[in-house]
Amino acid sequence: MTTLQEPPAATRPGVRPRVVGRSGLYALLLANAVVVTVFFVQAGFASNTLIVLGRLAGLYGALLMAFQLLLVARLPWFDRRIGMDRLTSWHRWTGFSVLWLLLAHGVFIVFGYAQSSSLDPVDQLVDLAETVEGVLRAIAALAIIIVVGAVSARYARRRLAYETWHFIHLYTYVAVVLAFTHQVAAGTSFTSSSVARTYWYAVWGVALASVFLGRLVLPLWRNLRHQLRVTAVVPENDDVVSVYITGRDLDRLPARAGQFFLWRFLTKDRWWQANPFSLSAAPDGRTLRLTAKRAGDGSAALRHLKVGTRVFAEGPYGAFTTLHRTRPDALLIAGGVGVTPIRALLEELHGHAVVIYRVATDQDAVLYDELRELALAKGAELHLVTGPAVPDRLAPRELARLVPDITGRDVYLCGPPPMMNAVLGSLRELGVPRTQTHFERFSLAG
């Protein structure tokens, strides 16, 4: 273990208050659920209980589908406060909720009408598709959602290339349009009330506009404005490479240390691949830098990029920034190549910082020389923790020994999932409040 320590800075700047966005999203969803329920009650109940349950399930399922669009719109305001990893995690679980609600909607409606007409369920479904406007579109939408849900299950997701999974996932937007047109055509809550109909158009208009703005307009505008290009490719070791990128007006790019971009390097064989890589240096208004470990074809190809290669970058994304600090002092914990956003954060942080860098061997400590220089310049403590995974060298006792005042610091954590899970367990055992624990797992959806 290597330890480097300098006296902490004499002055500590003020800390920004924690910005909370998730409670606002929950409140927004709950408020709209209440409005939908009111419109449903005002429209009157059917005499058949199954039909009543089916209509209510359909309304809530469609509302969650609109909420889904907001979660994957990648709007900067939400992303900076919540983080793409949490947004996409909610997207995943909300997606399965949509699937089950819409399945319940279809089953209850078909069996309810079959009970009233004495037709068997299959004949009743055919009859509804032939006689009721929008039902055929609803069936097609449900079929698409079932397929997307199936390929999003963990077993299938692990066996599909990201690009294949993403291409299939895009059909969700077709299902969204089909489901919306079905509801405004056949939904009794909206056909019987112009106010309800206007509200439903507004909800879906905001959701679709958010996707259009966040996923298309904003990335295109930023890339046209900044004209990003590769200026240097620097191998850090046999498996890790840093790519330096410059462009126009980078001082106006709202990127912060700790954030990441989805990078597309516009070469003949890789222009269609987007990979999430963190900034490994704090943005300085002139250059952006990413540092990546060879883990697949996309990251391996970075070593062979040519200077001058055009870059299309979506972002910046992520809530792993100083925006959420609650304490003047910080603990930064990095594992392996997870050091990249940690190194950038150290460059930006004010106040006293302790940095723990966990690697298997000294040779695995990428960017360690830069960390050491930064630590000396900023009066930070730097601990290089090496050795095998067992015994756990970041167990509660070890962390408490390295950082005795750990409960009084904000903790930033980035590394491989097993290491992050272990450290999060140690932090809980030591009593570090959740509001002081900051981490982000890169997970893309939509």
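## Salt bridges and a pocket: worked exercises

Let's start with Arg289, which is buried at a relative accessible area of 5% (buried means under 20%, exposed over 50%, partly exposed in between, with a 1.4 Å probe and protein chains only). A quick note before the exercises: this is a predicted model, where local features need pLDDT of at least 70, side-chain atom pairs count only at pLDDT 80 or more, and totals for chains, interfaces and linings use all residues. Residues are numbered from 1 along each chain as its sequence is written, and side-chain values use heavy atoms, with hydrogens and water left out.

**Exercise 1.** Find the salt-bridge partner of Arg289 and say where the two residues sit.

*Solution.* Step one: apply the rule, a side-chain nitrogen of Lys or Arg within 4 Å of a carboxyl oxygen of Asp or Glu. Arg289 pairs with Glu370, and their closest N and O atoms are 2.9 Å apart. Glu370 is partly exposed, at 22%.

**Exercise 2.** Follow Glu370 to Arg343, then name the network.

*Solution.* Glu370 also bridges to Arg343, at 2.7 Å from N to O. Arg343 lies in helix H13 (residues 339-348) and Glu370 in H14, so the pair ties together parts 27 residues apart in sequence. Arg343 is buried, with a relative accessible area of 9%. Now put it together: Arg289, Arg343, Glu347 and Glu370 are linked in a network of salt bridges.

**Exercise 3.** Work out how Asp369 and Arg372 are arranged within H14.

*Solution.* Their side chains meet in a salt bridge, 3.0 Å from N to O. Both are in H14, three residues apart, or about one turn of the helix. Asp369 is partly exposed at 46%, and Arg372 is partly exposed at 36%. For the tally, the count by this rule comes to ten salt bridges.

**Exercise 4.** Describe the lining of the second largest pocket.

*Solution.* Start with who is there: 34 residues line the pocket, and His105, Gly106, Ile109, Ala138 and His182 lie nearest its centre. A pocket here is an open set of points on a 1 Å grid over the protein atoms alone, where a 1.4 Å probe fits, with protein on both sides within 12 Å along at least five of seven lines; lining residues have an atom within 4 Å of a point. Next, the source: H4 gives the largest share, nine residues.

Notes:
Helices (H or I, at least four residues) and strands (E, at least two) are DSSP runs, numbered from the N terminus.
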